[in-house]
Amino acid sequence: MTWLDLAAGPLLAKICLVVLFPFSALDKIMHWDDAMKQASSGPLPGAALMLVLGTIVEIVAPICIVTGCYDRIAAFVLAGFCAVTAILFHRFWEFPGFWSKKGEGNAHFWDFWKNFGLVGGLLLVTLGGSYAPASAVIGHPLASGPQAAPAELARSVTTP
(Lines give C-alpha, C1' and ligand atoms only; values in the text may rest on other atoms or scores of the structure.)
Protein backbone atom coordinates (compact mmCIF):
# COMPACT_ATOMS: atom_id res chain seq x y z
CA MET A 1 0.00 0.00 0.00
CA THR A 2 1.22 3.46 -0.81
CA TRP A 3 0.87 6.78 0.98
CA LEU A 4 -1.91 7.56 -1.54
CA ASP A 5 -3.86 4.51 -0.39
CA LEU A 6 -3.40 5.04 3.32
CA ALA A 7 -3.48 8.78 3.82
CA ALA A 8 -3.62 11.18 0.90
CA GLY A 9 -6.77 9.93 -0.82
CA PRO A 10 -9.01 9.66 2.27
CA LEU A 11 -7.54 12.84 3.74
CA LEU A 12 -8.23 14.84 0.59
CA ALA A 13 -11.78 13.47 0.43
CA LYS A 14 -12.44 14.42 4.06
CA ILE A 15 -11.03 17.91 3.57
CA CYS A 16 -13.21 18.47 0.50
CA LEU A 17 -16.26 17.23 2.40
CA VAL A 18 -15.86 19.58 5.38
CA VAL A 19 -13.90 22.59 4.09
CA LEU A 20 -16.94 24.87 3.96
CA PHE A 21 -17.87 24.50 7.64
CA PRO A 22 -15.01 26.45 9.26
CA PHE A 23 -15.61 29.26 6.76
CA SER A 24 -19.30 29.19 7.63
CA ALA A 25 -18.42 29.43 11.33
CA LEU A 26 -16.09 32.35 10.63
CA ASP A 27 -18.86 34.05 8.64
CA LYS A 28 -21.24 33.66 11.58
CA ILE A 29 -18.68 35.17 13.95
CA MET A 30 -17.79 38.08 11.65
CA HIS A 31 -21.44 38.83 10.76
CA TRP A 32 -23.03 37.95 14.07
CA ASP A 33 -26.04 40.28 13.71
CA ASP A 34 -26.99 38.82 10.33
CA ALA A 35 -26.49 35.28 11.65
CA MET A 36 -28.74 36.08 14.64
CA LYS A 37 -31.39 37.42 12.30
CA GLN A 38 -31.31 34.17 10.30
CA ALA A 39 -31.27 31.99 13.43
CA SER A 40 -34.24 33.95 14.79
CA SER A 41 -36.19 33.33 11.58
CA GLY A 42 -36.50 29.63 12.39
CA PRO A 43 -39.36 28.06 14.30
CA LEU A 44 -37.35 27.29 17.46
CA PRO A 45 -36.63 29.60 20.40
CA GLY A 46 -33.12 30.18 21.70
CA ALA A 47 -31.52 31.61 18.56
CA ALA A 48 -28.37 32.78 20.37
CA LEU A 49 -27.73 29.38 21.94
CA MET A 50 -28.39 27.60 18.63
CA LEU A 51 -25.99 29.95 16.89
CA VAL A 52 -23.23 29.41 19.44
CA LEU A 53 -23.68 25.62 19.36
CA GLY A 54 -23.82 25.59 15.56
CA THR A 55 -20.62 27.63 15.35
CA ILE A 56 -18.85 25.25 17.72
CA VAL A 57 -20.02 22.23 15.69
CA GLU A 58 -18.81 23.87 12.46
CA ILE A 59 -15.35 24.40 13.97
CA VAL A 60 -14.80 21.24 16.03
CA ALA A 61 -16.44 18.54 13.89
CA PRO A 62 -14.39 19.20 10.72
CA ILE A 63 -11.17 19.10 12.75
CA CYS A 64 -12.19 15.74 14.22
CA ILE A 65 -13.17 14.37 10.81
CA VAL A 66 -9.96 15.44 9.07
CA THR A 67 -7.67 14.28 11.89
CA GLY A 68 -9.57 11.02 12.45
CA CYS A 69 -10.06 11.79 16.14
CA TYR A 70 -13.64 10.77 16.96
CA ASP A 71 -14.37 11.19 13.26
CA ARG A 72 -17.44 8.95 13.16
CA ILE A 73 -19.30 10.71 15.95
CA ALA A 74 -18.21 14.10 14.59
CA ALA A 75 -19.50 13.18 11.12
CA PHE A 76 -22.78 11.97 12.65
CA VAL A 77 -23.22 15.22 14.61
CA LEU A 78 -22.35 17.32 11.54
CA ALA A 79 -24.80 15.28 9.43
CA GLY A 80 -27.50 16.00 12.00
CA PHE A 81 -26.55 19.68 11.97
CA CYS A 82 -26.91 19.78 8.16
CA ALA A 83 -30.27 17.97 8.22
CA VAL A 84 -31.69 20.19 10.97
CA THR A 85 -30.38 23.33 9.28
CA ALA A 86 -32.01 22.31 5.99
CA ILE A 87 -35.36 21.57 7.61
CA LEU A 88 -35.43 24.65 9.86
CA PHE A 89 -33.90 27.32 7.64
CA HIS A 90 -34.33 26.24 4.02
CA ARG A 91 -38.06 25.54 3.94
CA PHE A 92 -38.37 26.07 0.20
CA TRP A 93 -41.90 24.65 0.16
CA GLU A 94 -43.15 27.76 1.98
CA PHE A 95 -42.32 29.96 -1.01
CA PRO A 96 -44.58 30.11 -4.04
CA GLY A 97 -42.76 29.43 -7.27
CA PHE A 98 -39.66 28.01 -5.59
CA TRP A 99 -38.91 26.00 -8.72
CA SER A 100 -38.82 29.14 -10.87
CA LYS A 101 -35.32 30.56 -11.40
CA LYS A 102 -36.59 33.93 -10.19
CA GLY A 103 -38.78 32.42 -7.46
CA GLU A 104 -38.29 33.71 -3.95
CA GLY A 105 -37.55 30.24 -2.56
CA ASN A 106 -35.30 29.01 -5.38
CA ALA A 107 -32.09 29.50 -3.38
CA HIS A 108 -33.67 27.67 -0.43
CA PHE A 109 -34.61 24.77 -2.72
CA TRP A 110 -30.99 24.28 -3.77
CA ASP A 111 -29.56 24.91 -0.30
CA PHE A 112 -31.95 22.32 1.15
CA TRP A 113 -30.76 19.61 -1.26
CA LYS A 114 -27.10 20.61 -0.97
CA ASN A 115 -27.39 20.15 2.79
CA PHE A 116 -28.76 16.65 2.27
CA GLY A 117 -25.95 15.89 -0.16
CA LEU A 118 -23.57 16.76 2.67
CA VAL A 119 -25.61 14.56 5.01
CA GLY A 120 -25.01 11.64 2.65
CA GLY A 121 -21.26 12.23 2.49
CA LEU A 122 -21.02 12.63 6.25
CA LEU A 123 -23.01 9.44 6.83
CA LEU A 124 -20.52 7.63 4.61
CA VAL A 125 -17.78 8.77 6.98
CA THR A 126 -19.93 7.63 9.93
CA LEU A 127 -20.79 4.21 8.50
CA GLY A 128 -18.02 3.60 6.00
CA GLY A 129 -15.33 2.04 8.11
CA SER A 130 -12.21 1.29 6.09
CA TYR A 131 -11.51 2.84 2.71
CA ALA A 132 -10.85 1.10 -0.58
CA PRO A 133 -7.20 1.69 -1.48
CA ALA A 134 -6.64 4.18 -4.29
CA SER A 135 -4.89 1.42 -6.25
CA ALA A 136 -8.10 -0.67 -6.13
CA VAL A 137 -10.15 2.27 -7.36
CA ILE A 138 -7.67 2.98 -10.16
CA GLY A 139 -7.48 -0.71 -11.07
CA HIS A 140 -11.28 -1.08 -11.11
CA PRO A 141 -12.68 2.42 -11.74
CA LEU A 142 -16.22 1.24 -12.42
CA ALA A 143 -16.34 -1.11 -9.43
CA SER A 144 -18.22 -0.30 -6.27
CA GLY A 145 -15.88 -0.90 -3.38
CA PRO A 146 -13.43 -3.51 -2.18
CA GLN A 147 -15.78 -6.42 -2.91
CA ALA A 148 -15.37 -5.75 -6.65
CA ALA A 149 -11.56 -5.89 -6.49
CA PRO A 150 -9.56 -9.09 -6.95
CA ALA A 151 -9.88 -11.46 -4.00
CA GLU A 152 -6.38 -10.92 -2.61
CA LEU A 153 -6.80 -7.13 -2.72
CA ALA A 154 -10.23 -7.32 -1.09
CA ARG A 155 -8.76 -9.42 1.76
CA SER A 156 -6.01 -6.86 2.32
CA VAL A 157 -8.60 -4.08 2.59
CA THR A 158 -10.87 -5.87 5.06
CA THR A 159 -8.18 -7.29 7.34
CA PRO A 160 -5.71 -5.15 9.27
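Leu122 counts as buried, at 0% relative accessibility (buried is under 20% relative accessible area, exposed over 50% and partly exposed in between, for a 1.4 Å probe and protein chains only). The model is predicted, with local features requiring pLDDT of at least 70 and side-chain atom pairs pLDDT 80 or more, while totals for chains, interfaces and linings use all residues. Residues are numbered from 1 along each chain as its sequence is written, and side-chain values use heavy atoms, without hydrogens and water.

Leu122 belongs to helix H6, and its C-alpha atom is separated by 7.2 Å from that of Leu78, a residue 44 positions away along the chain. A second residue with 0% relative accessibility is Ile65, which is likewise buried and is found in helix H4. Over the chain of 160 residues, 34% are buried.

The secondary structure amounts to 8 helices and 0 strands (DSSP runs numbered from the N terminus, helices being H or I of at least four residues and strands E of at least two). The order along the sequence is accordingly written α-α-α-α-α-α-α-α. Helix H6 covers residues 106-128, 23 residues in total, and reaches 33 Å from first to last C-alpha, close to the 33 Å expected (1.5 Å times one less than the number of residues). Gly68 follows H4 and has a positive phi, near 80 degrees.

The buried positions of H4 are Ala47, Leu51, Gly54, Thr55, Val57, Glu58, Ala61, Pro62, Cys64 and Ile65. In H6, the buried set consists of Asn106, Phe109, Phe112, Asn115, Leu118, Val119, Gly121, Leu122, Val125 and Thr126. In an α-helix there are 3.6 residues a turn, so residues three or four places apart point the same way.

The largest pocket has a volume of about 710 Å³. Among the 30 residues of its lining, Lys28, Glu58, Phe81, Thr85 and Phe89 are the closest to the centre. A pocket is an open set of points on a 1 Å grid over the protein atoms alone, with protein on both sides within 12 Å along at least five of seven lines, and lining residues have an atom within 4 Å of a point. Its volume is the space filled by probe spheres set on the points, which are joined across faces, edges and corners. Helices H2 (20-30), H3 (32-40), H4 (47-67), H5 (71-89) and H6 each contribute at least two residues to the lining of the largest pocket. The contribution of H4 is the greatest, at 8 residues. By type, the lining of the largest pocket comprises 16 nonpolar, 9 polar and 5 charged residues (nonpolar: Ala, Val, Leu, Ile, Met, Phe, Trp, Tyr, Cys and Pro; charged: Asp, Glu, Lys and Arg; polar: the others, Gly among them).

The structure contains 9 aromatic pairs. One of these joins Phe109 and Trp110, edge-to-face, with 4.9 Å between the centres and 85 degrees between the planes. Rings of Phe, Tyr and Trp (its six-membered ring) pair if their centres lie within 6.5 Å, and the pair is stacked under 30 degrees, edge-to-face over 60 and tilted for the rest. Phe109 is buried at a relative accessible area of 10%, whereas Trp110 is partly exposed at 42%. The ring centres of Trp113 and Phe116 are 6.4 Å apart and the planes stand at 55 degrees, so this pair is tilted. Both residues, Trp113 and Phe116, lie in H6 and are 3 residues apart, about one turn of the helix. Trp113 is partly exposed, with a relative accessible area of 44%, as is Phe116, with 29%. Ring pairs connect Phe92, Trp93, Phe109, Trp110, Phe112, Trp113 and Phe116 into a cluster.

Searching the whole structure gives 0 disulfides (a disulfide being a pair of cysteine sulfur atoms within 2.5 Å). Cys69 takes part in no disulfide, and the nearest cysteine sulfur, that of Cys64, is 5.4 Å away. Cys69 is partly exposed, at 41% relative accessibility. Cys82, by contrast, is buried, with a relative accessible area of 2%.

Methods. On a 1 Å grid over the protein atoms alone, a cavity is a set of points where a 1.4 Å probe fits but cannot get out, and a pocket is an open set with protein on both sides within 12 Å along at least five of seven lines; lining residues have an atom within 4 Å of a point.
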